[in-house]
Structure formats: C-alpha cells, structure tokens
Amino acid sequence: MSKIPYRTYLEEGEMPKSWYNVKVDMKEQHDPFLHPGTKQPLGAKDLEAIFCSELCAQEVNMTDRFIEIPPEIAEYYLTYRPSPLIRAYNLEKELDTPARIYFKFEGNNTSGSHKLNSAAAQVYYAKKQGLTGLTTETGAGQWGTALSMACAYFGIDLTVFMVKVSSQQKPYRKAVMETYGAKVIASPSTTTEVGRSILEKDPDTGGSLGCAISEAIELSMSSDSIRYVLGSVLDHVVLHQSVIGLEAKAAMEKIGEYPDIIIGCAGGGSNLGGLMAPFMGDKLTGKANPYFIAVEPASCPSLTRGKYAYDFGDVGRTTPLIKMYTLGSGFMPSANHAGGLRYHGMSPIMSKLYHDGYLDEARAVEQTAVFEAATLFAKHETILPAPESAHAIKIAIDEGLKCKESGEKKTILVGLSGTGYFDMQAYMSYTDKTMSDGIPSDEDLAPGLAEMEE
C-alpha cells in the first residue's frame with residue numbers, strides 16, 4: 001500500500017479563512033448583467049431588488065482576490081468542514097490504472113451536498129440585513145435542503161419551489177426540507193401568476209428550474225422583507241464554493257500532490273467552479289497548467305450544444321439578461337431525465353472561461369452510462385454518489401482507463417459533490433433496466449437557440 005493516506009484531512013486551523021475570487025485573475029471579465037427592458041448594464045444597486053445587498057456587492061466585486069469568511073459563517077462551517085480528500089485506491093485497482101484518482105467529498109452533511117457552503121453564507125447575509133424570509137427554487141433538492149438547514153440555524157423563513165418532476169421522484173427530499181421548517185411547493189404551481197400561466201399552456205408539464213426560479217422571484221417581490229437566493233450560476237455562489245477547491249489544494253499539498261486533470265459535474269456551475277477556482281487561478285497566473293473537464297448531461301447540454309449568448313435565467317423572463325452558454329430559458333429536459341443538472345444555462349464565470357479556452361473541455365454523457373459509473377464507484381469506494389456527481393465519476397473512470405492504455409501516471413482530482421441516498425428511485429430504474437436516455441434532437445433545441453442574440 002502507498003504511503004499516501006487514504007483520507008487527507010485539514011486541521012481546524014487549516015481551514016480557509018477567506019473565499020477566493022477567481023474573477024480578479026481572469027484575463028477578461030464576463031459581460032455584465034443587462035436590464036431585461038432597457039438592455040443597459042446593471043450594477044450592485046440595481047440587483048438589490050432581488051438579492052441581498054452584500055451578495056450583490058460580491059457579485060460585482062472584481063478587485064478583491066480574497067474575501068474574508070465572517071466568523072459566524074466559519075463557525076457554522078466547522079459543523080461539517082473541512083471535508084475529506086480521499087484517494088480512490090479500490091477504484092484504481094478495479095480499473096487497473098496507474099493514475100492516482102482523488103475525490104473531494106462534499107456529502108458529509110445532512111443536505112448531502114456542497115450546496116450548504118453557499119446556503120450558510122447567503123442566509124447569514126440575509127439575517128444581517130434584517131430580512132425575515134427567503135424564496136428559492138430547487139431541482140434535485142440538494143439546494144433546497146441545504147437552504148432549509150441554514151434558514152433553521154439562522155432563524156429565517158423559507159419557501160422553496162421544487163421542480164414538479166423532482167418532487168415526484170424525490171418525496172423524501174421534500175420531507176427533509178419540511179423537517180427544517182421550509183414550505184415546499186411543487187413548481188409550476190397555482191400560487192403565482194407565472195406558475196398559473198405555465199400550467200395554462202401545458203397542464204402536464206414536469207417543470208424546470210427556469211419555471212421554479214420565476215415563481216420564487218415573483219414571491220420575493222411581494223415584500224420588502226423577503227429576497228430571492230440562488231444556489232448556483234451566479235458569481236457570488238462560485239465565490240462561496242471556492243472553499244472546496246481551497247481545501248482540496250491545501251490537502252493535496254500536504255501529501256505532495258497536484259492534479260493533472262480536474263473533473264467536475266456542471267449544471268449551473270457552482271460545484272466545478274468552486275473545486276477548480278484556486279487551480280484555475282494557478283493556470284491564469286502561469287503557475288501551473290492543469291486540464292479542466294466539465295461534465296454535463298446529454299439531456300441538458302448547455303456547454304456542448306448551447307449558444308454563448310445573452311439569455312434570461314428563468315422561464316418567466318423576469319431575471320436580468322446573463323451572457324452564458326444556454327439552451328434557451330424555456331428549455332425543459334425530458335421527463336425521464338433523473339440525473340439532475342437540469343438548468344438551461346451555465347455560470348457566466350464558467351461560460352467565459354470555457355469560451356476563452358481556460359476551461360479546457362466539456363463532455364456530455366447519457367444518464368445510463370452515468371448510473372453505470374455510479375454503481376461501479378459505490379461497489380468499490382462504499383459511497384453512493386449523487387447522480388450529479390456521478391457525471392464526473394464517469395469521466396474520471398474514462399480518464400483512468402486512458403492512463404491504463406498509455407501508461408501515464410496522471411493525478412486526477414474529481415468533485416464528489418454529494419451523496420445519492422435520496423435518489424433511489426433513479427437507481428431503481430437503472431437496476432431494473434427501465435431507465436432510458438432522453439437526448440434532445442437538434443430540432444428540439446432549435447427554437448430556444450433561435451430566440452437569443454450573441
């Protein structure tokens with residue numbers, strides 16, 4: 001057995017004291033948000049009607065490379081952080097690969113995912129601002145669960161609009177959110193004007209994150225004491241999630257390692273953005289040259305088949321316009337898609353880095369192949385991965401097999417962003433062979449792509 005430990009932990013004092021703002025080191029900034037009516041650039045003050053004030057300031061911050069983690073947030077982080085960096089010895093042995101495969105495990109909290117890193121920060125800033133309630137959307141449920149936990153801790157009311165098909169597939173996620181005191185509504189719903197409009201056009205729709213965002217924003221606009229919070233896509237979320245990459249980098253330094261390849265699943269961009277942030281900083285500043293791979297579902301292929309253009313973040317077209325890789329705000333994944341990562345667009349930071357060639361590659365994978373990889377990983381590494389995380393695992397396995405063929409001893413870092421214990425219906429459909437791959441055709445994507453201007 002190698003002298004490198006199976007699990008590498010940071011000590012409490014080694015945990016990051018600041019988030020890393022990768023925008024400071026980017027060669028070019030992504031294009032600004034635009035007002036949906038005037039098409040004029042928006043600043044922090046313009047965004048405060050929707051988001052918390054401090055989050056708006058973080059969203060447009062392009063000067064502070066490191067932003068201190070407030071003591072109250074750091075104290076909450078210590079209930080589940082630092083998270084372990086684990087070497088996948090058993091998976092390496094099964095693949096018979098000379099590659100060294102490490103995964104940064106973010107599922108060791110009740111939400112089961114990395115989402116709590118930003119949820120804690122966003123709720124803290126809402127509490128500090130004096131707000132009494134928050135609204136949000138959730139797809140697979142990790143974000144809604146994480147936010148319900150943070151709201152319970154800091155004492156803020158929460159309403160979650162959960163994508164209808166996900167709420168049907170994952171009723172226990174709803175139960176956990178309600179246990180923490182959140183109100184959970186299947187979206188689209190009859191509780192909002194935009195929800196009623198969507199249902200009038202398509203009563204049988206399974207919904208989408210774009211639908212749920214529209215409903216959450218509409219409710220947030222009903223009171224000055226309520227704001228909307230988002231669990232991915234936006235710059236301040238990627239900022240908060242940088243704690244993942246900072247810990248991973250510090251842990252790898254303890255054992256004398258540095259990744260050749262960094263792989264993460266990509267839906268809205270928060271998990272991969274957080275994992276790769278400090279390593280991307282090394283690449284941008286010429287200190288190292290790791291290879292980055294974003295992995296997305298073939299059912300919702302925004303990076304691999306989308307358009308780099310200004311688009312709305314929601315179906316109701318109430319959000320600012322965002323320059324990103326997108327399939328169109330009205331895009332809805334096939335109802336048989338159970339693998340998560342169902343947002344129509346990608347983080348503007350991630351989109352810009354991909355467009356400029358710093359995020360090296362994006363791959364889209366079918367969900368049956370994803371669950372095959374998840375099952376293999378679970379058998380050999382004991383952790384049942386979230387379907388979202390399993391997208392990254394699939395490509396890590398592929399890269400490990402490439403190393404087997406070439407004999408290269410590469411070091412691979414994978415983001416294991418969460419656990420799959422609330423995704424058993426999807427696992428059951430895979431094991432009983434009723435799972436299928438719902439991949440949109442070019443004709444399916446054409447209407448949404450045609451609506452946008454580059």
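1. Before looking at the sheets, a word on pairing: two strands pair if DSSP finds at least two bridges between them. The strands themselves (E, at least two residues) and the helices (H or I, at least four) are DSSP runs, numbered from the N terminus. With that in hand, start with the open sheet of 4 strands, in the order β8-β7-β6-β9, where the pairing is parallel. β8 (183–187) and β9 (226–228) stand at its edges with a single partner strand each, so one side of each has no neighbour in the sheet. From one strand to the next the twist averages 20 degrees.

2. A quick note on what you're looking at. This is a predicted model, in which local features need pLDDT of at least 70 and side-chain atom pairs count only at pLDDT 80 or more, while totals for chains, interfaces and linings use all residues. Residues are numbered from 1 along each chain as its sequence is written, and side-chain values use heavy atoms, with hydrogens and water left out.

3. Back to that parallel sheet. Strand β7 (residues 157–163) is joined to β8 by 5 bridges, and the two run parallel; V163 has S187 in β8 as its bridge partner. Helix α6 (residues 142–154) packs on the sheet and touches β6 (133–138) and β7, a contact being heavy atoms within 4.5 Å. The direction of α6 makes about 160 degrees with that of β6; axes here are lines fitted to C-alpha atoms, for helices over the stretch in contact, and angles run from 0 to 180 degrees between N-to-C directions.

4. There's another open sheet, with 7 strands in the order β1-β4-β5-β15-β10-β11-β14 and mixed pairing. Its edges are β1 (7–8) and β14 (361–365), each with a single partner strand, so one side of each is left without a neighbour in the sheet. Inside it, β4 (residues 85–87) and β5 (residues 100–105) run antiparallel and are joined by 3 bridges. R87 has Y102 in β5 as its bridge partner.

5. Have a look at Y9, in the loop between β1 and β2 (18–20). Y9 is partly exposed at 41% relative accessible area (buried is under 20%, exposed over 50%, partly exposed in between, with a 1.4 Å probe and protein chains only). Setting aside neighbours within four places in sequence, Y9 is in contact with P84 and K254. L34 is 25 residues from Y9 along the chain, and their C-alpha atoms are separated by 42 Å.

6. How many aromatic pairs does the structure hold? There are 16, counting rings of Phe, Tyr and Trp (its six-membered ring) with centres within 6.5 Å; planes under 30 degrees apart are stacked, over 60 edge-to-face and the rest tilted. One of them is Y6 with Y89: the centres are 6.4 Å apart and the planes at 20 degrees, so this pair is stacked. Y6 lies in the segment before β1 and Y89 in helix α4 (residues 89–95), so the pair ties together parts 83 residues apart in sequence. Y6 is partly exposed at 31%, whereas Y89 is buried at 12%.

7. Y258 and F279 have ring centres 5.5 Å apart and planes at 75 degrees, so they are edge-to-face. Y258 sits in the loop between α11 (235–254) and β10 (261–265), and F279 in helix α12 (residues 270–284), 21 residues apart. Y258 is partly exposed at 28%; F279 is buried at 1%.
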